[in-house]
Every structure is written in C-alpha cells, then in structure tokens.
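Reader: I am new to this structure. Please take a close look at one part of it, the aromatic rings, and start with the surface.

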Amino acid sequence: MTAIPAIREIPARGRNTYDPAVVRADFPILSRTVYNKPLRFLDNGASAQKPQSVLDALQNSYASEYANVHRGAHFLSGAATEAYEGVREKAAGLLNAPGPDNIVFTKNVTESINLVACSWADAHLSAGDEIVITEMEHHANIVPWQLLRDRKGIVLKIAPVEDDGSFVLERFAALLTEGTKLVSVTHVSNVLGTAVPVAEVTRLAKDAGACVLIDGAQGVVHQPVDVQAIGCDFYAFTGHKLYGPTGVGILYGRTDRLAEMPPWQGGGDMIDTVSFEKTVYADPPMRFEAGTPPFVQAIGLGAAIDYVQALGMDAIGAHEHALCAHAMETLRDVPGVRPVGEAPDKAAIVSFVVDGLHSLDVGAILDRQGVAVRVGHHCAQPLMARMGIESTVRASMALYNTTEEIDALAAGIRHAQKLLG
Amino acid sequence: MDLSVYEDYAETLEALDDEMRFEYLLDIAKKKRSEPFPEEAMDDAHLMHGCMSRVWILHDVADDRHYFCGHSDAAIVKGLVAMMTDSFSGLTTAELAQITLDHVRRLNLGALTTQRQVGMMAMLKHIQKLAGARPGIQAA
Ligand SMILES: Cc1ncc(COP(=O)(O)O)c(C=O)c1O
C-alpha cells in the first residue's frame, strides 16, 4: 500500500511560541531509535535531517514531474524547469539577493568556493595578490586558495582567532593592504560556533578594495542572512545542512561580479551557440552550470527553504540560541569538560574536550546512548593546531533539538567518564 | 596454525550481547594498562597512518614467528588493537598471509561501526606488511 502523504499544515510564520515537539513531528527520522534508545541527533553541523515536506518534494518530482530541465519541448520538461527555476527565486528570497539571476546552483558549498577560485579569482588575481582567510576555516575554504596559490603565486594571509575562539576585527583589519584582492571568511565556524561579524569584515575589505566571499555553510542555517545588507560579493552555502537533500549547493554572486567571470566548466546548458570555430557562453547564472544540474535535489532544497522560511529564521535562531546557552551552562557543570570556543557571539555549535578521555571514546560511548555527535578535527586541522588539540567532540544543534537532548548529552559524558575512568 | 587466542576472543564476543561487547572491549583496553607500551616507540616510525586516533604498532620476530604489540590514544581503538595483536602474534609469515577479512569480521560482530571494521582491516594489512606477509608490498 502506498502511503498518501498527508497535506501538511505549514506552521504560521512568526508565531511566538516555538514548540520543538511540534517541529520534531515533521522529521520522520527523529522518531527512530538506535541501540533501542531514542535518537538524539546532535550532528547537524555535518548534515541536518529532512522534514517530510522535503521528502515529499523529492518523491513528487520523480513520481509526477520528472523530465530533464531546459531541454524538452514537452509538458513534463516544462514543469520540471519551472519548479527548478523557481528555487532560484526561493534561494534569492532566503538571502535577500536582488533576484534569481544572482543564484548559481552548484553541488555543495565546496564547489561554490572552488567555482569562485577557478573562475573569478583565476581571472582577476595574479602573482603577489593577497587573499585573507581566517584560522578557523573549513578545509573547503583553505585548499581551493592553496591550489590557486600554486597556480598563480598569490599570497595567503591568515587572520587569527583568540584563545576563546573570538574573532577580533582589529586583528583582521591589520592584515588588509593594497594588495588584498579577496577576503574569504566563514560566517560561522563549524568547530567553535564563532559568528564572524561579516558585515564589518565586508566593510573593511571593501575599504581596502577587496572582493568578499562568505562561506555560509554554518551561517545560513542558524540566522537570517541578508547579502545586500552584508554587502558581500559572494555568499556560498550547501543544501544538505539546511534540511535539504545532498548534491545541491548555492553560490550567490553580485550581478557585476558574475558578469565578469569566465566559465569554469564547459558543456551543455552553459552556452548560447556552439560551432567548432566559436562558442558563445550563456549569461550568468547558466554560464556556470554545465551539464544536467541536480534539479530534483534543487527542488528538494526549495521545499527546505519554504520550510525554514515558514518557521522563520529569526524564530529558529532564537530557539537554537537558547539551546546553545543551555548546552554551555550544562557542560560547564560537568567536571573535566572543557569547551572549545566560547566567543560571546556564537551560533549553536558546541565543541569540547574531556580531560583524560579521547574524543573518539567519548563519541562512541555517547553513540551507545543514542546521542549522535561528531568527533575529530572537523575538516579544520589548522584550527586544531592553533588550539593545541587533536580533536574535539562537537554537538551541533538544529531547529528540532531540545534541552532534554542536551541533558542526555551531559549524562552521556558522565557515563563515559565512569566507564573509562 | 595456532589461533587459540583468536578463538578465545571470537567466542567470548559471540557469547555477549551488543552492549556487553562494547564494555568487554573497554575492559581489554583497561587490562592493557598493566603492560605499558614503551614511550620511546610512540614515534612516527611506528605510527599506523589513516586512523581516527593514533595507533602505534611494534613488531618483533623470534624463531621465525612474528610478535606484535600496539597502542592507541583512544581506549576503544586500543581494545581493538589489543585483540588484533594478541590474536595474530606467534604466527609465521606464511600463516599470517592466510588471515583474511573473515577472521577480522569475527572480532567485530556488528558491535562496532563499519568505520572501525575498515580500521581493523587496515590494521590487519599493516601487521601483514610489517611481517612481509603481503607479497609485493613493503612496509612503509
Ligand atoms: C564552514 C563549512 N564550510 C564548508 C563545508 C563543506 O560543506 P560541503 O561538504 O557540503 O561542501 C562545511 C561542512 O562540512 C562547513 O561546515
């Protein structure tokens, strides 16, 4: 028997009582158990779970509206194309971008950053030009610039983070020179939770004449984002961390920046006309989308954007902020637990180490309690080196997490201490 | 070949439920505290690469038989390393070469995640390499 998806009531925007119990019911996976224990999913920074509306959108796309986009002269192709292109508008709405043409589909934030590195930066930077990143970048915002450095001889400068994980604007500003051509910073650190003041960073970078790219992988999920208010040139994020499917990411680009960028991959969809003598490229955003795009995934992402917009990013942010405060307070009460990342301005990502215990052991014992966390270097090895640690345990919260889950985390840590003591 | 230590481990694991296997593994790690791993051997030369935690393995040969001992900074991994090195110490090169994924699977039994099964396979390959029991592959 095929289950007919119920018509789901979308929560009213801006309602003033945020009830995680109600929200949780939208996420089928959250009702499962692991090792006969209720699942407490606190690994959202790696990837978030999907609400039923996203699953329905994927199902509907394949079951009722499937055909390749931008190609067929037939009903289904038209329907798929319309749904897919409609997601550009939703993404533009989420980021307050001027319009859908500012939205490029990619496969994830990593690809978005590589796109800027291989297209914009490759065309506009030359030997000796400087790129500023921070000590707390994910490898995705380090390695593309190192590849560029090896290709073009650019200089990579690293803005420091403080011992408590905070980001000091003055220390960043001190690195800016006439040679600074690009500032590429994370919006929120995936390890420390530190929220970088991206509007101020952008203003300082602009004063120095630099272009600004923001890695919004952990930013867009925790708070409202307004790219025009920030003033950045590029803003990148990944669908799967925003309750959407894997395989689709977004690059927002300012109109003038996108216009000055050469293609980076060639193929179908990114051209106007092709002859063996000369090919004319399509305008942005299509210029950067060679080949059949992940349009089903994009449609799923559209449903995810609808979902978070309906709840309200402000409401989600407030809920997570309260959870984060509760987590910090609860963990500080566990003897031997040392938080890593205590910046005053912090999103709901809590890293910590436990004295005398290896993160892997803590993670494995938490796992047995049904508490899913991530352990390791979190794709930020330079930051680990900076903090003088090998790894952390990381609890990263999402819109559906509860204080009870945080308490289970703390109880799990105490249990680990007992077992391994 | 004498796999009696291995059989002991495998049979004990088989008799335990999931939760108890996990605690058994931690107990093995705790027992090993009484046989400390030489500090000076915790160096790059004895490090096994590609693990979530650091693993060091020492190898020795006596009467054409290979002996291993290992250490990890994570207790769970230390327990796994101990099962592996205890199980497959005392074998000849030819015998070691016959140890396969199926042997390793019995020391794993679903109590542990797939990731750790991959880690244990890597450990087997590593000790086989150290013993020259993987033809054509030299230990790094
Ligand atoms: C800050 C940050 N940047 C980049 C990434 C990479 O995301 P993806 O693997 O989806 O490209 C992540 C996620 O792991 C992240 O947290």
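Author: Chain A exposes about 16,700 Å². Carbon and sulfur atoms supply 53% of that area. Accessible areas come from the Shrake-Rupley method with a 1.4 Å probe, and for residues only the protein chains shown count as cover. The model is predicted: local features need pLDDT of at least 70, side-chain atom pairs count only at pLDDT 80 or more, and totals for chains, interfaces and linings use all residues. Residues are numbered from 1 along each chain as its sequence is written, chains are lettered from A and ligands numbered from 1 in the order in which they are written, and side-chain values use heavy atoms, leaving out hydrogens and water.

Of the 421 residues in chain A, 57% are buried (under 20% relative accessible area; exposed is over 50%, partly exposed in between; 1.4 Å probe, protein chains only).

Now the rings. The whole structure holds ten aromatic pairs over all chains. Rings of Phe, Tyr and Trp (its six-membered ring) pair if their centres lie within 6.5 Å; planes under 30 degrees apart are stacked, over 60 edge-to-face, the rest tilted. Tyr66(A) and Phe295(A) form a stacked pair, 5.4 Å centre to centre, with 25 degrees between the planes. Tyr66(A) lies in the loop between α2 (52-64) and α3 (75-95) of chain A, and Phe295(A) in helix α10 (residues 295-311), so the pair ties together parts 229 residues apart in sequence. Helices here are DSSP runs (H or I, at least four residues), numbered from the N terminus. Tyr66(A) is partly exposed, at 41% relative accessibility. Phe295(A) is buried, at 3%. Elsewhere, ring pairs link Phe27(A), Tyr243(A), Tyr307(A) and Tyr400(A) into a cluster.

Definitions and conventions: Helices (H or I, at least four residues) and strands (E, at least two) are DSSP runs, numbered from the N terminus.
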